Amino acid sequence: MEDPASCDVEKRKEYIEERKSLIDAEREAARSFDKAMITLSSGGLALSIAFVGQASPTGVELGYFLFASWIFFSLALLTITASFLMSQSALRAQREIIDQEYSQKCSDNGSGRKNRYATYTGCLNWLAIGFFALGVLSLVTFTIRNFGT
C-alpha cells in the first residue's frame with residue numbers, strides 16, 4: 001500500500017509542473033499579443049501615411065478620418081508600450097504577494113492582497129485593442145471614401 005504522504009508529494013509535484021507549463025504558455029501568449037499589436041498598429045500607421053501620397057490630386061475627402069486613424073494607431077502603440085511597463089510592476093507586486101503569503105503560510109491566513117498592476121495591465125491591453133480597432137475603422141472609412149469605386 002502506498003504511503004498517503006508520498007502520494008501528496010507526488011500530486012504536489014504534478015500540480016507545480018502543470019502550473020509552470022500554464023504560466024509559460026500564458027507568458028508566450030502575452031508576448032505574442034504584444035508583438036502582434038505593435039506590428040499591426042505600426043503597419044496601420046504606415047499604411048495610412050502611404051495613403052496620403054496616393055490621394056486624389058483634386059483633394060482628400062473626409063481627411064479627418066485619416067488623421068483620426070493616425071491618432072488611434074499611435075494611441076494603440078502608446079498603450080501597449082505602457083502595458084509593458086505595467087506588466088513589470090505587476091510581476092514585482094506578485095512576487096511580493098507570494099513572498100508574503102509564503103511567510104504567513106503557517107498562520108493559515110494569507111494576505112488576501114490583489115495585484116492591482118495586473119488589473120491595470122489588462123486594462124491597457126484592452127485599450128490598445130480598442131484604439132487599434134478605431135484606427136482600422138477610421139482608415140477603412142477614409143479609404144472607401146477616397147479610393148472606392
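This is a conversation about reading the features of one predicted protein model.

Trainee: What should I know before I start reading?

Mentor: This is a predicted model, where local features need pLDDT of at least 70, side-chain atom pairs count only at pLDDT 80 or more, and totals for chains, interfaces and linings use all residues. Residues are numbered from 1 along each chain as its sequence is written, and side-chain values use heavy atoms, with hydrogens and water left out.

Trainee: How many helices and strands does the protein have?

Mentor: Helices (H or I, at least four residues) and strands (E, at least two) are DSSP runs, numbered from the N terminus. Here there are three helices and zero strands, so the order from the N terminus reads α-α-α. Helix H1 covers residues 4-54, helix H2 residues 63-103 and helix H3 residues 116-147.

Trainee: What share of the residues is buried?

Mentor: Buried means under 20% relative accessible area, exposed over 50%, and partly exposed in between, using a 1.4 Å probe and protein chains only. Of the 149 residues in the protein, 21% are buried. For the surface as a whole, areas come from the Shrake-Rupley method with a 1.4 Å probe, and for residues only the protein chains shown count as cover. The protein exposes about 10600 Å², with 63% supplied by carbon and sulfur atoms.

Trainee: Which residues does Ser83 contact beyond its sequence neighbours?

Mentor: Contact means heavy atoms within 4.5 Å. Ser83 sits in helix H2 and is buried, because its relative accessibility is 2%. Leaving aside neighbours within four places in sequence, Ser83 is in contact with Asp34, Thr121, Leu124 and Asn125. Across the protein, 80% of the contacts with a separation of 6 or more are between residues 24 or more positions apart.

Trainee: Where are other residues that are separated in sequence, such as Thr81 and Ile38, placed in space?

Mentor: Thr81 and Ile38 are 43 residues apart in sequence, and their C-alpha atoms are 8.6 Å apart. Thr81 belongs to helix H2 and is partly exposed, at 40% relative accessible area. Another pair is Arg92 and Tyr117, 25 residues apart along the chain, with C-alpha atoms separated by 9.3 Å. Arg92 is also in helix H2, and its 41% relative accessibility makes it partly exposed.

Trainee: How many salt bridges does the search find?

Mentor: A salt bridge is a side-chain nitrogen of Lys or Arg within 4 Å of a carboxyl oxygen of Asp or Glu. The search of the whole structure finds one. Arg31 forms a salt bridge with Glu28, and their closest N and O atoms are 3.0 Å apart. Arg31 and Glu28 are three residues apart in helix H1, so about one helical turn separates them. Arg31 is partly exposed at 39%, and Glu28 is partly exposed at 40%.

Trainee: What is the nearest side chain of opposite charge to Asp34?

Mentor: For charges, Lys and Arg count as positive and Asp and Glu as negative, while His and the chain ends are not counted. Asp34, in helix H1, is buried yet has no salt bridge, and the nearest side chain of opposite charge is Arg31, 7.5 Å away. Not counting residues up to four places away in sequence, Asp34 touches Ile80, Ser83, Phe84 and Asn125.

Trainee: How many aromatic pairs are there?

Mentor: Rings of Phe, Tyr and Trp (its six-membered ring) pair if their centres lie within 6.5 Å; planes under 30 degrees apart count as stacked, over 60 as edge-to-face and the rest as tilted. By this rule there are five aromatic pairs. One of them, Tyr64 with Phe65, is tilted, at 5.0 Å centre to centre and 35° between the planes. Tyr64 is exposed at 55%, whereas Phe65 is partly exposed at 25%.

Trainee: Why is the Tyr117 and Tyr120 pair edge-to-face?

Mentor: Their ring centres are 6.0 Å apart and their planes stand at 90°, so the Tyr117 and Tyr120 pair is edge-to-face. Tyr117 and Tyr120 are three residues apart in helix H3, about one helical turn. Tyr117 is partly exposed at 26%, and Tyr120 is partly exposed at 38%.

Trainee: Which residues form a nonpolar patch on the surface?

Mentor: Patches are made of residues with over 30% relative accessible area and no salt bridge: like charges are joined within 9 Å, and nonpolar side chains (Val, Leu, Ile, Met, Phe, Trp, Tyr) within 5 Å. Val136, Val140 and Ile144 form a nonpolar patch, with about 240 Å² of accessible area together. Ile144 lies in helix H3 and is exposed, with 59% relative accessibility.
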